[in-house]
Amino acid sequence: MSFKTLVAILCLVPVALAQQPAWAQCGGQGWTGGTTCVAGYSCVAQNSYYSQCLPTGTGTGSGTVTSTSGGSSPSATSTTPLNTAAKAAGKKYFGSATDNPELSDSAYVKILSDSTMFGQITPGNSMKWDATEPSRGTFTFTQGDQIANLTKANGQLLRGHNCVWHNQLPSWVTSGNFNAATLSSIITTHCGTVVGHYKGQIYSWDVVNEPFNDDGTFRQDVFYNTLGQDYISIALNAARAADPNAKLYINDYNIEGTGAKSTAMVNLVKSLKAANVPIDGIGVQAHLIVGQVPSTLEANLRQFTALGVEVAITELDIRMTLPATDALLAQQKKDYQTVIAACRAVSGCIGVTIWDYTDKYSWVPSTFSGQGAALPWDANLNKKPAYDGIVAGFAS
């Protein structure tokens, strides 16, 4: 073997090693892995955060690959708008999350702005700490205001998300080594300023987001490690002082069914009420998996509302392992119906928000490799069977 031949072979090795298997991630913002696919598959962008190895010739976007049989994708048949269905069932709203980069997509915004479809909007990122107070005492609300103004123009409710969370914090918060008194003041200033800026514009706030580990213990973060669980009451009191009319929530995931984490939430709310700390609601995120909706969901919602607070499904999506098949889409339809029906059955469950409405902008593929198709609209803004499940859930 000549030296040139050896060099040529060695040059090809990294390419071969970098090839991603079928259905795997192959690109997207922040992706550092392989960007080519095995034979018969091409790297197709699902959104700005996730590209996937799909069978060559299947087209673009996660909504186009829905069946292993090669047939056309099943679609929704109902013409009932979702917020209309929710209100007919006695609920306050059916809503969607959104984010600022998506607002340049006119076809997307047209659906989002239909108040018969979505009666409530949650900003996915633009009201979080890193977006609103990137350096201490310097606040910026440009992106949050954009979404607030959109909802006002559309006559939609607005949920604030969020004041205190362990994630998406600027480094000045996480690395400040503040003592308890200083960090308490920082929380009070941050929550008071952000909630105060939107006073009178927001129905409810996720004041504290994700305080628990899955075993029901408190999450170890800069707030808990310095202040213990007192950081929760500090944030809630600051939010109440800033906007006395906004509903104040604690929001978390994996509290859909009964268990250690939901019990921890019950105990926290009881302790806050006993101490006269303002708490109005529990946000049940409901990032679920097809075929795995907890059987105790309705009972758990009743357990929460028995505490004298309202409950909302705040971040609903139901993901599947890709590719989406007719069978998975049918199960997803049933799962959406189950979740919506559980909220409908509990009078204190006041509304449901999906975590964006289209697979085009879903957070799922960039977080759970090989999973997606979690929302009622596909990446081409076509309604999926899940849409019919939502309508049926409100009607049941």
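User: Why does tyrosine 357 count as buried?

Analyst: Buried means under 20% relative accessible area, with over 50% exposed and partly exposed in between (1.4 Å probe, protein chains only). Tyrosine 357 has 0% relative accessibility, so it counts as buried. This is a predicted model: local features need pLDDT of at least 70, side-chain atom pairs count only at pLDDT 80 or more, and totals for chains, interfaces and linings use all residues. Numbering runs from 1 along each chain as its sequence is written, and side-chain values use heavy atoms, without hydrogens and water.

User: Why is tryptophan 377 called buried?

Analyst: Its relative accessibility is 1%, so tryptophan 377 counts as buried.

User: What makes the pair of tyrosine 357 and tryptophan 377 edge-to-face?

Analyst: Rings of Phe, Tyr and Trp (its six-membered ring) pair if their centres lie within 6.5 Å; planes under 30 degrees apart are stacked, over 60 edge-to-face, the rest tilted. Here the centres are 4.9 Å apart and the planes at 75°, so the pair is edge-to-face.

User: Why is the pair of tryptophan 129 and tryptophan 172 edge-to-face?

Analyst: The ring centres are 6.3 Å apart and the planes stand at 65°, so this pair is edge-to-face. Tryptophan 129 sits in helix α4 and tryptophan 172 in helix α6, 43 residues apart.

Notes: Helices (H or I, at least four residues) and strands (E, at least two) are DSSP runs, numbered from the N terminus.
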